[in-house]
Amino acid sequence: MDPRPTILVVEDEPEIRRFLRSSLEAEGYRVAESATARRGVIDAGTHKPDVVIVDLGLPDFDGVEVVRQIRRWSTLPILILSARTQERAKIDAFEAGADDYVTKPFGIRELLARIKVALRHAARPQAGGAVLRFDRAVVDLERRTATRDEEALHLTPIEFRLLAALARHLGLVVTHRQLLVEVWGPSHAGDTHYLRIYVKQLRDKLEPDPLHPRHLVTEIGVGYRLVCSD
Amino acid sequence: MRTGWTGYAWAIGATLAATLAGFAMRGRFDLVNIAMVYLLAVVLVALYQSRGAAIAASVLCVAAFDVLFVPPEGTFTVHDAQYLLTFAIMLGVGLIVSRLVERVRRQAREQALLEIEAETERIRSALLASISHDLRTPLAVVAGASSTLVESGERMLPEARQALARSVFDQSHELSERVSKLLQMTRLDTGAIKVERDWTAMADVADSAVRRMSDRLAAHRLMVEIPADLPLVRVDAALIEQALGNLLENAAKHTPPGTIVRLRAKTDGQRLVLTVEDHGGDAADVDLERMFRKFQHGSMEGAAGGVGLGLAICRAIVRLHGGDCWAERTLGGGMTFRISLPLERPPEMPAETPYEAADGPATDDPRR
């Protein structure tokens with residue numbers, strides 16, 4: 001059997017499919033293509049891809065719907081391709097279960113980086129028990145301890161829960177709503193101000209330069225992404 | 001123009017006022033002077049109200065003058081034929097004035113329409129010029145560089161090949177940016193943009209805008225000053241990020257490399273003000289208002305390029321939020337752009353209960 005990871009590209013524009021195929025194959029991936037949303041949902045079942053890339057603007061039905069249908073039976077990583085003008089659809093896609101996105105036009109380096117993160121995430125899902133390493137701080141989510149420059153660092157239970165929720169999707173985008181529900185519960189799904197305040201607290205404690213965060217990264221209008229080695 | 005109830009009310013009111021004045025004047029002034037007061041009433045109604053109201057005022061005034069002042073008083077009977085002339089003149093003046101007013105109003109309306117058409121036309125032709133020039137320039141680079149790669153890429157040095165490929169990449173990004181701006185302006189103009197407000201930390205917005213513009217600002221010295229205790233604002237974060245990004249992009253474009261670009265945020269309790277301050281270029285003869293108009297390329301425009309929509313989009317977005325965006329000259333040269341956003345009281349957030357805090361093993365005591 002072919003050992004190369006398979007990437008399914010659901011995209012109606014043949015030019016973009018062609019460029020993705022040649023770039024991804026050059027990087028050692030096997031590429032399957034679907035030109036319509038309907039086909040994409042079927043191919044995601046038959047090709048058993050390791051990652052699916054879905055364009056949001058598909059002719060027959062919405063890319064968001066493709067994400068929703070695949071999520072009914074699979075947890076495989078889904079990346080979406082969105083245009084700058086599709087902010088709303090992008091958020092809908094995340095709510096439907098997409099893991100990450102790349103904005104068109106994109107450079108291949110950016111896409112490859114996203115694919116790598118997605119594959120790593122798929123290889124060991126629920127890595128939430130790990131130890132998170134920031135530049136100067138280390139957080140052990142399992143033992144619930146934290147240090148900064150070897151000094152003990154006090155994190156509140158909510159701060160631990162927020163970090164854990166982000167760490168479950170390490171390197172991937174987690175929406176505001178998802179974080180609020182996981183940390184504060186479904187009745188607080190709209191209380192974005194909670195999140196703003198706690199993210200700031202965490203940045204102040206963990207980031208070397210809280211004004212230019214490198215680990216707790218803002219995805220404007222969508223959510224946050226935790227970037228760190230574990 | 002339609003005659004509303006207010007027009008007729010005015011006619012009645014003016015007649016009553018003139019009549020009161022007439023009673024006060026009776027005995028001391030000639031009848032002809034009282035007629036003048038009625039005439040004034042007719043002229044005033046004709047000036048400020050519709051033609052119908054002017055006619056009504058003429059008729060009412062003539063009737064009131066005749067019945068109350070022209071002997072024999074208390075009747076419509078007129079003994080002296082010269083008062084018939086007074087009536088005719090009063091009616092005539094009323095009609096002429098209301099007609100003149102109507103004409104002036106119509107001309108003003110037509111003028112306004114013409115101005116709107118001229119502005120639309122200016123924007124339309126600027127749009128076409130913009131599409132043909134600002135979009136074709138990056139396209140020409142993309143076509144030229146990529147065709148060179150196809151035709152003679154094999155014979156080129158790897159560095160030269162790399163440079164051409166890089167310019168295809170950069171210019172296509174630039175092209176996409178410009179198309180996005182045209183689309184965004186159109187959507188803002190047609191009201192197709194829905195503002196999705198949510199509590200937002202300005203630090204997040206600034207961080208995102210700075211990251212997005214980092215390539216463009218790479219040659220500048222960017223300084224970000226955002227106080228730690230800045231209150232949250234309820235805005236559409238993605239839109240405000242765009243607005244701020246446009247200001248940063250504008251600063252990067254119009255100032256020489258190596259100069260300082262300062263991004264600051266502060267609050268006076270009522271508003272939150274974001275400031276992008278640059279220290280380059282001669283801003284002495286820049287029109288601080290005009291630069292916010294669509295398709296205005298600043299006077300410092302050289303090879304900077306762009307569609308000239310960045311500032312117009314920025315202002316439109318900020319105004320959608322009930323805020324404002326304006327420009328000032330930086331002391332010692334350069335431009336300062338400010339965005340002000342209204343502040344709202346953020347909802348309360350329960351503090352973590354001591355019980356809950358005690359429940360975690362994390363503690364300030366390193367010995368545990």
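This note sets out points on helix packing, domain and chain contacts, and salt bridges in a predicted model.

1. Basis. In this predicted model, local features need pLDDT of at least 70 and side-chain atom pairs count only at pLDDT 80 or more, whereas totals for chains, interfaces and linings use all residues. Residues are numbered from 1 along each chain as its sequence is written, chains are lettered from A and ligands numbered from 1 in the order in which they are written, and side-chain values use heavy atoms, with hydrogens and water left out.

2. Helix α2 of chain B. Helices here are DSSP runs (H or I, at least four residues) and strands are runs of E (at least two), numbered from the N terminus. Helix α2(B) covers residues 31–48, which is 18 residues, and spans 26 Å from first to last C-alpha, close to the expected 26 Å; the expected span is 1.5 Å times one less than the number of residues. Its buried residues are I34(B), A35(B), Y38(B), L39(B), A41(B), V42(B), V45(B) and A46(B). They fall within an arc of 155° seen down the axis of α2(B), so they line one face of the helix; the arc is taken from the directions from the helix axis to the C-beta atoms. Exposed L40(B) and Y48(B) lie on the face of α2(B) turned away from the buried side. Buried means under 20% relative accessible area, exposed over 50%, and partly exposed in between (1.4 Å probe, protein chains only).

3. Domains of chain B. The domain assignment divides chain B into domain 1 (1–180) and domain 2 (198–342); such bounds come from an automatic or database domain assignment. The centres of the two domains, taken over C-alpha atoms, are 36 Å apart. Each domain of chain B gives 10 residues to the contact, where contact means heavy atoms within 4.5 Å. About 870 Å² is buried between the domains, with 48% from carbon and sulfur atoms. Buried area is the accessible area (1.4 Å probe) that two parts lose on being put together, summed over both.

4. Salt bridge between the domains. A salt bridge is a side-chain nitrogen of Lys or Arg within 4 Å of a carboxyl oxygen of Asp or Glu. The count between domain 1 and domain 2 of chain B is one. R216(B) and E174(B) form a salt bridge at 3.1 Å, N to O.

5. Contact between chains A and B. Chain A contributes 34 residues and chain B 42 residues. The two chains bury about 3,100 Å² between them, 57% of it on carbon and sulfur atoms. Three salt bridges are counted between chain A and chain B. In one salt bridge, D204(B) meets R203(A) with the closest N and O atoms 2.6 Å apart. D204(B) also meets R196(A) at 3.6 Å, N to O; this pair crosses from helix α6 (residues 202–212) of chain B to helix α8 (residues 192–206) of chain A. D204(B) is buried at 3% relative accessibility, and R196(A) is buried at 6%.

6. Further salt bridges in chain B. R315(B) and E289(B) pair at 3.0 Å between the closest N and O atoms. This pair links distant parts of the chain, 26 residues apart: helix α8 (residues 310–320) and the loop between β5 (271–278) and α8 of chain B. R315(B) is buried at 10% relative accessible area, whereas E289(B) is partly exposed at 47%. The whole structure has 42 salt bridges over all chains.
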